[in-house]
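Dear colleague,

I am passing this structure on to you, and I would be grateful if you could look it over. My notes on its pocket and its helix packing follow below.

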Amino acid sequence: MLYPNKTIVEVAVDSYEMAVAAEEAGADRIELCVALSEGGISPPLSLVQKVCEAITIPVHVMVRPRGGDFLYSEVEFEMMKKSIHHYSKAGAKGLVFGILKEDGTIDKVRCKELMDLSFTKKIVFHRAFDMTADPFLAMEEIIALGVHTILTSGQRQTAEDGLELLKELVKRSVNRINIMAGSGVNAHNVPLLYEAGIRTFHFTARKKVDGNMKYRNDLLQSMGSGTTYSEYDKFVFDAEKLKDVINVIKTL
């Protein structure tokens, strides 16, 4: 499998408004999910349908039933299979998933089952890859499955921190699979990632703003257990962040 030496900018979004704004700002494609603060989980079918109807760039949809690890129960696995069926009818162009065994290896049997159900060849093995015990073995197994892309931070907190592993993955892949860098990607480190051989960049482009509610219950800060999140804040698309990355890429 050969991959063209062209850059692709993918933006992770979790709302209809962000998806539309990402296309308008110049994204090449989007990853659609919800709960970005948890790394993204499967979005509701209604959101997938609405986004696929509204934009023309490819929509890759997350198939992840919950946050946390990537060792799934039988019920969760059945949910993933049903999600693939529904997303195919909604118009998604790609799927994003990954399943591991408890020892940190790829669950090849289950991943193959999902791929056999898939309606598209555009399969992204997401950052479950960053939780594998042996990234080089994992890459070879993912390649053997026929996966199109691996999304990875080089098994570090950010892609910049994982630069050396990313570089080695690109080298060892010998153009058999696309290595997409994600986590902490921005206009400042894109040149470093590009020099490492990365041509596909994945990131969120959003910012927190004050919500529009006029009435506010000041005695209740959050519906959740955390105290750093306010129910009166919301995230919106940050077009400038995306445009800054695109402008840097144009100079490379």
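The largest pocket is lined by 27 residues, among which L36, G39, R127, S183 and H202 lie nearest its centre; a pocket here is an open set of points on a 1 Å grid over the protein atoms alone, where a 1.4 Å probe fits, with protein on both sides within 12 Å along at least five of seven lines, and lining residues have an atom within 4 Å of a point. This is a predicted model, in which local features need pLDDT of at least 70 and side-chain atom pairs count only at pLDDT 80 or more, while totals for chains, interfaces and linings use all residues. Residues are numbered from 1 along each chain as its sequence is written, and side-chain values use heavy atoms, with hydrogens and water left out.

The volume of the largest pocket is about 600 Å³, taken as the space filled by probe spheres set on the points, which are joined across faces, edges and corners. Its lining divides into eight nonpolar, eleven polar and eight charged residues (Ala, Val, Leu, Ile, Met, Phe, Trp, Tyr, Cys and Pro count as nonpolar, Asp, Glu, Lys and Arg as charged, and the others, Gly among them, as polar). Strand β8, residues 200–204, gives the most to this lining, with three residues (strands are DSSP runs of E, at least two residues, and helices runs of H or I, at least four, numbered from the N terminus).

Turning to the helices, α3 (residues 74–90) and α4 (residues 108–117) pack at about 25 degrees with their axes 9 Å apart, where axes are lines fitted to C-alpha atoms over the stretch in contact and angles run from 0 to 180 degrees between N-to-C directions. In their contact (heavy atoms within 4.5 Å), E74, F77, M80, K81 and I84 of α3 meet R110, E113, L114 and L117 of α4.

Best regards
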